Amino acid sequence: MGAERDSVIGGGAVGTACALDLRVDAHVHTGFSAGRDAVGVVVSAADRAGLSALTFADQAGPETTWLTAYADAVRRARHRTELKLRVAAEVEVVRPDGWLALPSDLAQLDALSVAVSGLPYGDDLLDARELRRRLTAGVLTAEQAAEALVAATVKGIERASRYVPSQLARPLALLTQAGVDDTVVSAALVGDLAAACRTTGTVVEISEAWRSPSPRLVEMLREAGVTLVPASDARYAAEVGRWQYLRRV
């Protein structure tokens, strides 16, 4: 499994005794979705930043129609750079059973980046504002929210890994957005998440843009033997491979 993970992220795998390889950026956006710049502009920025590997992870879902053009743009860019370029899509967990809002055609993808931007709770999908409201009203406790979020995340990466290699985007950032300190995530819950990552070969992104996961969670995941990768979550080419938070953690 270790060799497989290393090939997935272009040599950026880290274990408990290794530092992050900051020449790798495992999550960037383009003008196809959440970003502002063309694939070629992003690749040029990565070259200038001294990177060796880059994963494009634009946000996609069932209504996405541009995956072929997106993948073709990355493939063309491979002929103009020595960087290792991968085609991924960021997809959302939308149900408690880990159901993913997947695009219809996964054949174009080298990986899926799994995000949980809303908490699947019963028949609802709670964004940060609604989650905060329910916590304030006492409808949910912080512990219940953390447990539900970890459970949905685990099931989501289990589903994603059935199709292509998976990576986990900004893990548990929803709690911070809802005003919940991540100390509510117990060691047992982190252990559950870590075990799922190891079993499925899922790598965990440390997001520069989202400052997620926290240094506490980074350390706990590292000690649990989870593979961690730098991810700028860049929406502009100038942000690619530029690290401040990553250097601190």
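In this predicted model, strand β3 (residues 84-92) and strand β4 (residues 111-115) run parallel and are joined by 5 bridges. Two of the facing positions can be named. Val91 stands opposite Val114 in β4. Ala88 stands opposite Ala111, also in β4. Strand β4 is joined to strand β7 (residues 166-168) as well. That pairing is parallel and has 3 bridges. Here Ser113 has Gln167 of β7 as its bridge partner.

Strand β4 is largely enclosed by the rest of the structure, because 5 of its 5 residues are buried. The cover extends to both faces of the strand. Ala111, Ser113 and Ala115 are buried on one side. Leu112 and Val114 are buried on the other.

A search of the whole structure finds 3 aromatic pairs. Phe32 and Trp66 form one that is tilted, with 5.8 Å centre to centre and 35 degrees between the planes. Phe32 lies in the loop between β1 and α2 (39-48), and Trp66 in the loop between β2 and α3. The pair therefore ties together parts that are 34 residues apart in sequence. Trp66 is buried, at a relative accessible area of 19%. Phe32 is partly exposed, at 28%.

Tyr70 lies in helix α3, whereas Phe32 is in the loop between β1 and α2, so the pair ties together parts that are 38 residues apart in sequence. Tyr70 counts as buried, at 0% relative accessibility. Through these ring pairs, Phe32, Trp66 and Tyr70 are linked into a cluster.

The nonpolar interior was examined next. In soluble globular proteins, nonpolar side chains tend to be buried together. The largest nonpolar core of this model has 74 residues. Those that touch the most other members are Leu54, Phe56, Leu112, Leu119, Leu131, Leu175 and Val185. Helix α5 (residues 142-160) gives the most to this core, with 9 residues. Leu112 is also among the buried residues of β4.

Val185 has several contacts beyond its neighbours within four places in sequence. They are Ala146, Val150, Leu172, Leu175, Val190 and Arg216. Leu175, like Val185, is listed among the core members that touch the most others.

Helix α5 also holds Glu158. This residue counts as partly exposed, at 35% relative accessibility. Glu158 and Gly201 are 43 residues apart along the chain. The C-alpha atoms of the two are separated by 9.5 Å.

Ser214 counts as buried, because its relative accessibility is 17% and the cut-off for buried is under 20%. The side chains of Ser214 and Asp182 are joined by a polar contact of 2.3 Å. Leaving aside neighbours within four places in sequence, Ser214 is in contact with Asp182 and Tyr245.

Notes: Residues numbered from 1 in each chain as written. Predicted model: local features only at pLDDT ≥ 70, side-chain atom pairs only at ≥ 80, totals over all residues. Heavy atoms only, no water. Core = buried A, V, L, I, M, F, W, Y, C linked by side-chain atoms within 4.5 Å. Buried < 20%, exposed > 50% of the residue type's maximum accessible area, 1.4 Å probe, protein only. Helix = DSSP H or I, 4+ residues; strand = E, 2+ residues; numbered from the N terminus. Contact = heavy atoms within 4.5 Å. Pairing = 2+ DSSP bridges. Polar contact = N/O pair within 3.5 Å; in protein donor to acceptor, adjacent residues only side chain to side chain. Phe/Tyr/Trp six-rings, centres within 6.5 Å; stacked < 30°, edge-to-face > 60°.
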